[in-house]
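Please look through the sequence and the model shown here before reading on.

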Amino acid sequence: MNILQFSALWLLLTVPLLFLVVVLGLILASRRRFSPRKKGSIAFFHPFAECGGGGERVLWAAVHSIQNCHPEADVYIYCNASSTVTDLVHAAKSRFNLDILPNFSVVPLRKRHLLDPSRYPRLTMVCQAIASVIVAMEALDGLVPQVWIDTTGWAFPYPLIRMLGSHVIAYVHYPTISSDMLLRVKNREAAFNNSSSLASSGIFSYLKLVYYHIFAFIYGFCGGFANVCMVNSSWTKSHIEDIWWMHGGTESIALVYPPCDTEDLRKLDLDKRLKTITVLSIAQFRPEKNHEIQLQALAHARNAARHMQDAELAELVMQTKLILAGGCRDDKDYERVDMLKHKAKELGLDDSCVEFCINVPFSDLRTMLGNAIAGIHSMRDEHFGISVVEYMAAGAIPIAHASGGPQTDIVKPEPVDGEMQETGYLCDSVEQYSRALTEVLRMDTHARLAMSGAARRRSSRFSDEKFQHDFLEAVMPLLTADGILPTNKSKNI
């Protein structure tokens, strides 16, 4: 039996298994002696709360919003067993510039490792979905809250949580499965989550498509158990509306843009008179972030510069330095950084034109943003794109992938003096990224300030204050109606 046949066999076995796990979980919940529901408790399910990605910024901004409005709130965080309140408060401040009150409690998750996608090289989605139910049951062993706030997007435990009498509030960053993924498999298009070996086979692509449709059915069924659903972009909203069985109708899905520290970044100078020309990339070092295309684009631009007639522009291109700043969660991420460094050398990019910065604090990121002439983003179907907003707020011209949140919500023309001013570039190939990099360098000061100024104005739509207002507006009706929080502070919403 070869690897494809083996994968197909497991495909047909594990999708029904997922459904059985969800059903059996509900049956077990009815028989198992969980602790009584703790009245007035609000628990955030975020197993990787100590990390520094966009999802963690949403988590801590949500906690901050509730604490700011109701400092007496009884808040819990389901997260890594080794995390302490002190560590988490420090991480929120250093990475996101958020002041979190240390009056919350940690509910330790010792089975968190089961969610690691590297454990499941095949059938990753279904294995992680099963793992999410197991980890959620461990969380409920520690505390059955009155309100379960999921800021990770794991919908499969929702029926179990509702059966125990808890309310479920979901903030969805990215649908676990989307119509775009279904279309990619149908068209047999290779991607980081659709290997070329499967995409090249008609029969296995068909089997995977069946698997995806069954998985989407179960995902939509479980997601429909959320009492309140928030999404981070128009792109995510359209997919959740298509897949989730929202009993309250699609009007119950609230669009709440993620928080971005635009107020602080907007204080940086727009007119960047720099000795070194830098292009900044902010993204966790994960496969889907597609850092390779950034390296390829810089190499392509440098190769083109060697044949330019415009000597001044060619010199600017050759002087440009790409800084890749991002977080590493585990050994796999560090291995990916090593692979990217090797790839850079293969492309002829030495340390003078490429630099890797890992797990840098917010203060250093702020300095990098203030020094960058442009910011580059290359993930296809990015659910939102906080880093793109940060580029715009800091005055760095965004060069983003032409898909997902950057395309539908962020890099859009902004009205200026009665006319629509472009705010950045959208690309989907090495050549387009290379051309965008070159065009930013070609701009005169007036044109660059016009674009970066419009981009900065647009970034104000995604501020921390806007997130707090929209988040509280979505959750407070449920929190106050059930007596979890008092209504006497509704003026803060």
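A residue is called buried when its relative accessible area is under 20%, exposed when that area is over 50%, and partly exposed in between, with a 1.4 Å probe and protein chains only. This is a predicted model, in which local features need pLDDT of at least 70 and side-chain atom pairs count only at pLDDT 80 or more, while totals for chains, interfaces and linings use all residues. Residues are numbered from 1 along each chain as its sequence is written, and side-chain values use heavy atoms, with hydrogens and water left out.

By that scale N97, with a relative accessible area of 32%, is partly exposed; its phi is near 60°, a positive value in a residue other than glycine. N97 lies in the loop between α3 (85–96) and β3, where helices (H or I, at least four residues) and strands (E, at least two) are DSSP runs numbered from the N terminus. A positive phi, near 55°, is also found at D381, which sits in the loop between β11 (372–376) and α15 (386–394), but D381 is buried, at a relative accessible area of 7%.

Turning to the aromatic side chains, rings of Phe, Tyr and Trp (its six-membered ring) pair if their centres lie within 6.5 Å, planes under 30 degrees apart counting as stacked, over 60 as edge-to-face and the rest as tilted. By this rule there are 18 aromatic pairs. The rings of Y219 and W244 have centres 5.9 Å apart and planes at 75°, so this pair is edge-to-face; Y219 belongs to helix α8 (residues 202–223) and W244 to the loop between α9 and β7, 25 residues apart. Both Y219 and W244 are buried. The rings of F221 and W245, with centres 5.4 Å apart and planes at 80°, are therefore edge-to-face as well, although F221 is partly exposed at 28% relative accessibility and W245 is partly exposed at 36%.
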